[in-house]
Amino acid sequence: MELLVPDEIDLRILHHLIEDSSLSHKEIGLLVHLTGQAVGARVRKMEDAGIIEGYTLRWNPEKIGQTIHAFITVFLNSGTVHSAFLDFARKHPYIVEIHRVSGEGCYWMRLRLSSQSELNAMLDELTQYGNYRLSFSLGEIE
């Protein structure tokens, strides 16, 4: 991976991609006064350098029935269950984010679920690794 120091134009391209990653190179070129081909070359260099790691999209989980948005702080029983806990967390597709944290707790998880019974089943399974604190999202602040 080569070291790339982005210039002002690279940063403007990056800004436009962060705002809307579906923009074509040609559309970005119009915004930064370059050809689409030149934008594409700069984007590839930023990808190769690891500045751009990937692309994502925004979606509405509630439109597919995932109406429960929960946050869980996990307190593991012992230091020997980390690996088993991570295997557990990786197998559940409704755990959409997990972080190992310092301070209070061992892990922080964000979940999107379709039902209270689905959440209860996961929490029952979680207790074999430790205890938890559960919080529900009341709404996202944008």
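Mentor: Let's start with a definition: a salt bridge is a side-chain nitrogen of Lys or Arg within 4 Å of a carboxyl oxygen of Asp or Glu. This is a predicted model, in which local features need pLDDT of at least 70 and side-chain atom pairs count only at pLDDT 80 or more, while totals for chains, interfaces and linings use all residues. Residues are numbered from 1 along each chain as its sequence is written, and side-chain values use heavy atoms, with hydrogens and water left out.

Trainee: How many salt bridges does the structure hold?

Mentor: There are five salt bridges in the structure. Let's take one that involves aspartate 7: this residue pairs with arginine 42, and the closest N and O atoms are 3.0 Å apart. Aspartate 7 sits in the segment before helix 1 (8-19) and arginine 42 in helix 3, so the pair ties together parts that are 35 residues apart in sequence. When I name helices (H or I, at least four residues) or strands (E, at least two), I mean DSSP runs, numbered from the N terminus.

Trainee: Which residue forms a salt bridge with arginine 42 at 2.8 Å?

Mentor: That is aspartate 10, with its closest N and O atoms 2.8 Å from those of arginine 42. This pair links distant parts of the chain, since aspartate 10 is in helix 1 and arginine 42 in helix 3, 32 residues apart. Put together, Asp7, Asp10 and Arg42 are linked in a network of salt bridges.

Trainee: Is aspartate 10 buried or exposed?

Mentor: Buried means under 20% relative accessible area, exposed over 50%, and partly exposed in between (1.4 Å probe, protein chains only). Aspartate 10 has a relative accessible area of 5%, so this residue is buried. Aspartate 7 has 34% and therefore counts as partly exposed, and arginine 42, at 22%, is partly exposed too.

Trainee: What about glutamate 125: which residue forms a salt bridge with it?

Mentor: Glutamate 125 pairs with lysine 91, and the closest N and O atoms are 3.0 Å apart. Here too the pair links distant parts of the chain: glutamate 125 belongs to helix 5, lysine 91 to the loop between helix 4 and strand 2 (95-100), and they are 34 residues apart. Glutamate 125 is partly exposed because its relative accessible area is 24%, while lysine 91 is exposed because its value is 53%.

Trainee: Now for the rings. How many aromatic pairs does a search of the whole structure find?

Mentor: Such a search finds five aromatic pairs. Rings of Phe, Tyr and Trp (its six-membered ring) pair if their centres lie within 6.5 Å; planes under 30 degrees apart count as stacked, over 60 as edge-to-face and the rest as tilted.

Trainee: What is the angle between the planes of phenylalanine 85 and tyrosine 107?

Mentor: The angle is 40°, which goes with a centre-to-centre distance of 4.8 Å, and this pair is tilted. Phenylalanine 85 lies in helix 4 (residues 82-90) and tyrosine 107 in strand 3 (residues 107-113), so parts 22 residues apart in sequence are tied together. Phenylalanine 85 has 0% relative accessibility and so counts as buried; tyrosine 107, at 3%, also counts as buried.

Mentor: Next, phenylalanine 88 and tyrosine 129 form a tilted pair, 5.2 Å centre to centre with 35° between the planes. They link distant parts of the chain: phenylalanine 88 is in helix 4 and tyrosine 129 in the loop between helix 5 (116-126) and strand 4 (130-136), 41 residues apart. Both phenylalanine 88 and tyrosine 129 are buried.

Trainee: Which residues form one aromatic cluster?

Mentor: That cluster consists of Phe85, Phe88, Tyr107 and Tyr129.

Trainee: Where does histidine 69 lie?

Mentor: Histidine 69 is in strand 1, and this residue is buried because its relative accessible area is 13%. Its side chain is joined to that of arginine 110 by a polar contact of 3.2 Å. A polar contact is a pair of N or O atoms within 3.5 Å; within protein, one must be able to donate a hydrogen and the other to accept it, and residues adjacent in sequence count only if both atoms are side-chain atoms.
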